[in-house]
Structures are given as structure tokens and as C-alpha cells.
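Please look over the chain shown below before reading the notes that follow.

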Amino acid sequence: MFEAFVSGERALTLWLWAFVAVGIAAGVVSGFFKARKIQPRGFKWKIFRNEAIIAVVTLAVSGKAIGLGTGWLKAHGWITFNHAPAAWWVIALEFVAYFFLFDTYFYWLHRWMHKEPFYSWVHKLHHKSTSPNLLTTLSVNPLESIINGGFVPLFLTVFSVHDATLALILPTNIVMGLYVHSGYEFLPRWWNRSWATKWFITATFHDQHHRYFTGNYGGYTTIWDYLCGTVRKKYEADFDAVKQRAAQQRRPAPASVTSAEVAEAAE
């Protein structure tokens, strides 16, 4: 077993997981994560337990449904892939098309799911989590998971993308879902102050949606929220507050002054 850990085909994977585990442990011990928690007192074990149960059910149901649907579309020629080599800019254009089309799809469906009776029937289960964490990503009604996850096979039905593009799309779905529900803000303080980056979503942006139930509907970007006036008024101020807390955590504590030094100064 030790030999498998230091050499062989599984070595890189094992060392990678070990590196991630050590990094997380070091972050917890050092207070790195604590300083970046968006809602420091929001975590509740009861909700976390319920999320775990819902996540298992949702994965089983929606994963099977989307898998069967995608398989049927591929078998009948509706979904095809372009296996030919492609220039980097072609891959970039295909990915950008997916990125912004999904964001548009998600924004308007998300707003629709906040209307009754659809909110109570579909989306309310996801909002049981008022202080999101990684499990919140999967803690949704299976129907909602199918609606959101169904965009990928829908997109692939319309566009015959290259294999490299698909290799970017699937990880993006996973990483973005986990990041916006993480409950921690890792992006730099200047993110919302730069015109080039402020249009891309932050964890604080989506965290506020869970905390207040309205506004901040975007999935990948803030573009539709700014255009439609659905950005929460205190979003940017609250983002700065989280970053300010993290900045204070990095500053060294002032050195304590001993009684001897006070007496020496008095002389």
C-alpha cells in the first residue's frame, strides 16, 4: 500500500488528494476559512443533515433521468460531437456561447421559480438552506435539478461542439455550483471595483440570495441582475465587509508593552 502511495499509476491522484486535505486542514487551523466565512454563525447541523439526505435522493433521481435522456438523444443522433482538432479560439467561442446562454437560461428560470405556486412546488426545498455550504449545491428538488442540469443536453442538441469544449463545460458546472454555495468568499477585494470582473458572480452574491430569498438570481454572472434591477442594494457593501474582515485577520497583532518598558519610557 505504501508503494502505491509513492509510485505507480495512482501516485499522482493520491498525492493530489493529500495536498488538498493538508491545505484544507491548514486553512481551518490558521483561521483562513473562518475569516472568509460570509455568515459566521449561519451553519446548523440539522440543516446540514437534511441536505445530505436530499442530496442523495436528488443525485439518484436526476442523475438517472438526465443520463437516460442524454443517452436517448445521442442514440438517435440528436447529440453529436465534433471530434476533429480545433483552434483554441474555436473552443473559446463554443465555451463562451455555453457560458452566457446558460446564465441567461438560469436567470429567467430562477426568477420564474420564485413565483407561486412554482416556488412552493419546486424551489422552496433549496431555500431551506439560508446559509449555504457545499452540500447545498445538491440539496434541491429533483425536478429543479433536472431543469438546471437539462440545459447541457439541450445545448449539445443545438450545437455540435468539440470534445475539448465539453471537457470545459462539465467541470465549470461543478466548480461554479460548489463555489457559489461554499459559504466562503475567496475572490479579491478589488473584484467588484473593476469593470472587467464585477460582472462575474461571487459567493457573496449567491449567499445573499439564500439569506434574503429575493434578488441576485444570476447563475454565472451578475449581468441580467444589473440589467433588470434585481441586485440587492447592500451586495457590494457586504462583499467589502467580508474582505475587510479577512484583511484584518492578515494584519499582525500590535506588540504588547511590558511594565518594564512603560517604566523605562517614563524615566
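Predicted model: local features only at pLDDT ≥ 70, side-chain atom pairs only at ≥ 80, totals over all residues.

The protein chain has 13 helices and zero strands, and buried residues make up 36% of its 267 residues.

**Overall fold**

- Read from the N terminus on, the elements of the protein chain run α-α-α-α-α-α-α-α-α-α-α-α-α, in keeping with the count of 13 helices and zero strands.
- When the contacts in the protein chain with a separation of 6 or more are considered, 70% of them are between residues 24 or more positions apart.

**The largest pocket**

- Rolling a probe the size of a water molecule over the atoms shows where empty space is left.
- The largest pocket has a volume of about 1,000 Å³, and the elements that give two or more residues to its lining are helix 4 (45-75), helix 5 (88-112), helix 7 (142-149), helix 8 (151-158), helix 9 (163-180) and helix 10 (203-212).
- Helix 4 gives the most to this lining, with nine residues.
- The lining of the largest pocket consists of 42 residues, and those that lie nearest the centre of the pocket are Thr137, Ser145, Asn148, Gly149 and Asn173.
- Sorted by class, the lining of the largest pocket has 21 nonpolar, 19 polar and two charged residues.

**The cavity**

- How many cavities of 30 Å³ or more does the structure hold? The structure holds one of them, and the largest cavity has a volume of about 50 Å³.
- The residues that line the largest cavity are Gly42, Phe43, Lys44, Ile47, Phe48, Glu51, Ser129, Thr130, Ser131 and Asn133.
- By class, the lining of this cavity has three nonpolar, five polar and two charged residues.

- In helix 8, the buried residues are Phe151, Val152, Pro153, Phe155 and Leu156, and what covers them includes helix 4, helix 5, helix 7 and helix 9.

**Backbone details in the loops**

- Pro117 has its place in the loop between helix 5 and helix 6, and the peptide bond from Glu116 to Pro117 is cis, with omega near 5°.
- Phe213 is found in the loop between helix 10 and helix 11, where it has a positive phi of about 75° although it is not a glycine.
- Asn216, whose place is in the loop between helix 10 and helix 11, has a positive phi of about 55° although it is not a glycine.
- Are Phe213 and Asn216 buried or partly exposed? Phe213 counts as partly exposed because its relative accessibility is 32%, whereas Asn216 counts as buried because its relative accessibility is 0%; the cut-off for buried is under 20%.

**Residues apart in sequence**

- Arg36 is found in the loop between helix 3 (32-35) and helix 4, and with a relative accessibility of 7% Arg36 counts as buried.
- Although Arg36 and Arg245 are 209 residues apart in sequence, they are 7.3 Å apart in space, C-alpha to C-alpha.
- Ile174 is found in helix 9, and it counts as exposed because its relative accessibility is 54%, where exposed means over 50%.
- Ile174 and Thr137 are 37 residues apart along the chain, and their C-alpha atoms are separated by 9.0 Å; Thr137 is also among the residues that lie nearest the centre of the largest pocket.

Technical notes. Residues numbered from 1 in each chain as written. Heavy atoms only, no water. Helix = DSSP H or I, 4+ residues; strand = E, 2+ residues; numbered from the N terminus. Buried < 20%, exposed > 50% of the residue type's maximum accessible area, 1.4 Å probe, protein only. Contact = heavy atoms within 4.5 Å. 1 Å grid on protein atoms, 1.4 Å probe; cavity = no way out; pocket = protein on both sides within 12 Å on 5 of 7 lines; lining within 4 Å. Points joined across faces, edges and corners; volume = space filled by probe spheres on them. Nonpolar A, V, L, I, M, F, W, Y, C, P; charged D, E, K, R; others polar.
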